[in-house]
Amino acid sequence: MNEAVRKMPGTASGRESRPGVVKVWDPLVRLFHWSLVGFFAFSYLTGDEWKSAHIISGYVIAGLIAFRVLWGLFGSHHARFSSFVYSPLTVLSFLLDTARMRAKRYIGHNPAGGAMVVALLLMISGIATSGYMMTTDTFWGVEWVEEAHETFVYATLALVALHICGVVLASLEHKENLVRAMITGWKRAE
């Protein structure tokens with residue numbers, strides 16, 4: 001049996017178990033994910049209309065990103081970057097296999113999902129950084145900073161659309177509900 005599958009309480013490992021499923025996403029990863037979804041949507045919708053709320057939301061997002069980077073280094077197994085950051089060649093090979101609907105199933109992030117996590121973290125960091133710069137005396141009203149902020153936002157929206165398409169495709173290909181897994185933390189065992 002896969003070592004990631006949790007054993008029954010009172011067994012050698014004393015960990016939580018459910019027949020046929022494995023705990024993948026810890027509560028902090030799930031809270032981060034859905035909080036980021038909510039605050040990003042809120043920030044996008046309030047950008048030009050409610051500046052003070054937009055700025056506060058941006059600071060919350062920056063804090064979420066800082067947390068996720070730390071959790072990516074020190075968190076649970078499937079939360080760590082070392083468990084889902086793959087070489088560009090592996091990502092490309094995975095995408096080609098996905099196009100043929102024969103990609104390997106991963107318990108944690110697959111290579112494309114791992115690349116998406118990194119890309120989204122970088123883009124959202126760019127949004128937060130340029131957004132902060134726009135609040136400083138040095139960069140307030142500087143056109144290139146505002147353009148960079150807007151570019152990061154629209155690039156992130158494009159990545160979000162690709163992410164959603166990837167989740168739907170992987171859910172269909174492997175016959176599992178990945179959205180539910182990100183809510184409950186559990187996935188079907190191999």
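Visitor: What volume does the largest pocket have?
Guide: The largest pocket has a volume of about 1,200 Å³. A pocket here is an open set of points on a 1 Å grid over the protein atoms alone, with protein on both sides within 12 Å along at least five of seven lines. Its volume is the space filled by probe spheres (1.4 Å probe) set on the points, which are joined across faces, edges and corners. This is a predicted model, so local features need pLDDT of at least 70, side-chain atom pairs count only at 80 or more, and totals for chains, interfaces and linings use all residues. Residues are numbered from 1 along each chain as its sequence is written, and side-chain values use heavy atoms, leaving out hydrogens and water.

Visitor: Which residues are closest to the centre of that pocket?
Guide: Look for His33, Met116, His163, Ile164 and Val167, out of 46 lining residues (an atom within 4 Å of a point).

Visitor: And which element gives the most to that lining?
Guide: That is α5, with 14 residues. α5 spans 143-174, and α1 (27-46), α3 (88-99), α4 (111-134) and α6 (178-184) also give two or more residues. Helices are DSSP runs (H or I, at least four residues), numbered from the N terminus.

Visitor: How many of the lining residues there are nonpolar?
Guide: The lining of the largest pocket has 30 nonpolar residues, along with 10 polar and 6 charged ones.

Visitor: OK, what about the second largest pocket?
Guide: About 790 Å³ of space lies in that one. Of its 26 lining residues, Gly47, Lys51, His54, Met134 and His149 are the closest to its centre. α2 provides the largest share of this lining, 7 residues, while α1, α4 and α5 each supply at least two.

Visitor: Switching topic: how is the chain divided?
Guide: There is domain 1 (23-83) and domain 2 (84-178), with bounds from an automatic or database domain assignment. The lining of the largest pocket draws at least three residues from each domain, and so does the lining of the second largest pocket.

Visitor: How far apart are the domain centres?
Guide: The C-alpha centres of domain 1 and domain 2 lie 13 Å apart.

Note on methods:
Nonpolar A, V, L, I, M, F, W, Y, C, P; charged D, E, K, R; others polar.
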